[in-house]
Amino acid sequence: MAEGGLSVEFPGSLKSSTLPPPRTRIFKIIVIGDSGVGKTCLTYRFSAGKFPEKTEATIAVDFRERLVEIDGENIKIQLWDTAGQERFRKSMVQHYYRNVHAVVFVYDVTNAASFRSLPAWIEECKQHALGTEVPRILVGNKCDLQDSIQVGTDVAQQFADAHSMPLFETSAKNPNGQGDGSFGGGNSDHVEAIFMTVAHKLKSQKPLVLSQPPVGSGGTINLSRGMNGGGDGARSWGCSSC
Amino acid sequence: MKRLTRKKQSAGGFGVSENGSATREPDCGRKQKLAEIHQALISDPVDIETLRRTAASKGGLLTDELRRKVWPKLLNVNVYDLPHKPGRDVRENHKDYNQVLLDVRRSMKRFPKGMPAAERAVLQEQLIDIILEVLKRNPQLHYYQGYHDVAVTLLLVVGERMAIAMLDTLSNYHLRDFMDPTMDSTKHILNYLMPILEQVDVELHDFMIRAEVGTIFALSWLITWYGHVLSQFKHTLRLYDFFLASHPLMPIYLSATIVLHREREVKQTECDMAMVHHLLSRIPQDLPYELLIAQSQELFSQYPPSLLAKRAALQSRKSLSISTFQVFQLSTLHQRPDSVLQRLTKAQGSTTSRHASRHSGLEVALPRDRGQLWGQGNRMVKMAVWGLSATLGAAVFAVAQTALDWGPDVLQQLF
């Protein structure tokens, strides 16, 4: 890092003088997981409200944000979309782990290897001094691809439980239902619900552990199966307002 | 950039001009430039200084047809002796295969908008092959996400076989630091960015330090030569003309120039890591490229890497791209024009010499502390073939001279 070799001392007053006075709270969420699991699509879906037509490999880190209102307070949600290739996380992305409020781990339900990598990603977080007090969630993406599923909900749920994380299965492409993706324009976007859930959690600072498992097996909030039923899961997390 | 004093540029400290384009051309017409490039191409040896200068100066190399002629010269590639198309086996058992496949298959944006899907699909398969071919030839090199953005630019202009030869050379020189097993060397190159800013605009530099923005916003610019972030291919090509003719650190000088160009915007942004990163990482698509290129060259000659390294204590790490650049430049000085190359290559003909002469002695002169020099082949046999090759008399001279710089070890290997 350039700043490492160039540390220059600045009085704190300098910094505050350049800031505008009204302060919107910022929740910084880092999204990590193997290459190709759909991190860019998920964060794009949340920030732009649609599935991106073409996404490319993310190099180092991309930044997306969205202003939301939670219980009358304006909150800026910053999503740091990271590169999946190992070489980037080893020496480049660490800068972005600082002051992270929450972590979203993503795997691809049609790619067992991406699920098997999760322990390494969790370890990675630990190394960056992100303890269990930082809310973490697990997202299984691409569950619209019903015919190619390699990671069953049961095994994913077991893993999530073992690491005290809630599990969400969804599809950035088709977050509201199955099939041809024609539901994309609907009102209840489950990818949005996932990130809003995290935001609510951060705002309330209450434990992000399910006390009452909603619909779906073993406490999974399955946000893809059944376009009407899925919303219940989100609602039980208290984000129906979004 | 008004603070940049526009003093007359002097040649770099390398003996060979460092960026190969020390003087800025008067705004001459396109016709004159075309004539100049053609003249340089038919000179014997090829007038590489003129080619470098015209590639960097206003308008770059003008057309793809010219690029196909000049780009290989800039990298000392013999277009009459190109590597063969990769066979199917190139995809077998390569550790980076899956990652390459993943990145190339989703790299649709890099292809021209009107291109039929079938044609694009063919090119994507070629892209996978050329990347894996170069990686297989150079086991010391490691694939990084973004490498495919460089490869696709070459492929679209020069085609599969020439792209392999060019990518091979680029990977061993200009891009070498990015291809280590880790990205520590890449970080080292990025570390030149802030010291350049500091030289030109202390206020801006200090603002960015306070924001703790780091330099990752410029990472994709650097390692893809901006291919990843520019939406218009013609801009990418213009920059590739420039970078192929320049010092390997030039992309980082351009990064600094772009940041300086946006100085006002940056200073008006909230002094916060996320905000400044967000602003800078989104590159405006309407940048005045010709102006920025000229300014980068000025920055380079005013604050050459050696000066920055001294001032910013950057010397702790060795950069292969920087340390091998002089040798690389020397190797390009003695190229024969294409008409001669065609005749000689035909006369030479044999497949053994094909392999040996592909690198025209360039590799012989290089100390390779990482990785193998000649792949799996028998080194001595290839040396002998190379040494006997009558076509390379001039190169032998150049190599011998260079070898003197590297010490007796290299000389013993040569003779």
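A polar contact is a pair of N or O atoms within 3.5 Å, and within protein one of the two must be able to donate a hydrogen and the other to accept it. In this model, which is predicted, the count between chain A and chain B is 12 residue pairs in polar contact, with both residues at pLDDT 80 or more. Between chain A and chain B there is also one salt bridge, which Arg110(B) forms with Glu56(A), the closest N and O atoms being 2.7 Å apart.

On the side of chain A that touches chain B, the elements that give two or more residues are α1 (2–5), α2 (12–17), β2 (61–70), β3 (73–82) and α4 (86–91) of chain A. Sorted by class, that side of chain A has 17 nonpolar, 11 polar and 10 charged residues. The contact as a whole takes 38 residues from chain A and 53 residues from chain B, and the two chains bury about 3900 Å² between them, 59% of it on carbon and sulfur atoms.

Within chain B, the pair to follow is helix α5 (residues 117–137) and helix α6 (residues 147–158), which pack at an angle of about 115°, with their axes 10 Å apart. The crossing in which α5(B) passes α6(B) is right-handed. Where these helices meet, α5(B) brings residues including Leu123(B), Leu127(B), Ile130(B) and Val134(B), while α6(B) brings, among them, Tyr147(B), Ala151(B), Val152(B) and Leu155(B). The residues of this contact of α5(B) with α6(B) divide into 10 nonpolar, two polar and no charged.

Notes. Residues are numbered from 1 along each chain as its sequence is written. Chains are lettered from A and ligands numbered from 1 in the order in which they are written. This is a predicted model: local features need pLDDT of at least 70, side-chain atom pairs count only at pLDDT 80 or more; totals for chains, interfaces and linings use all residues. Side-chain values use heavy atoms; hydrogens and water are left out. Contact means heavy atoms within 4.5 Å. Buried area is the accessible area (1.4 Å probe) that two parts lose on being put together, summed over both. A salt bridge is a side-chain nitrogen of Lys or Arg within 4 Å of a carboxyl oxygen of Asp or Glu. A polar contact is a pair of N or O atoms within 3.5 Å; within protein, one must be able to donate a hydrogen and the other to accept it, and residues adjacent in sequence count only if both atoms are side-chain atoms. Helices (H or I, at least four residues) and strands (E, at least two) are DSSP runs, numbered from the N terminus. Ala, Val, Leu, Ile, Met, Phe, Trp, Tyr, Cys and Pro count as nonpolar, Asp, Glu, Lys and Arg as charged, and the others, Gly among them, as polar. Axes are lines fitted to C-alpha atoms, for helices over the stretch in contact, and angles run from 0 to 180 degrees between N-to-C directions. A crossing is left-handed if the near helix is turned anticlockwise from the far one by less than a right angle, and right-handed if clockwise.
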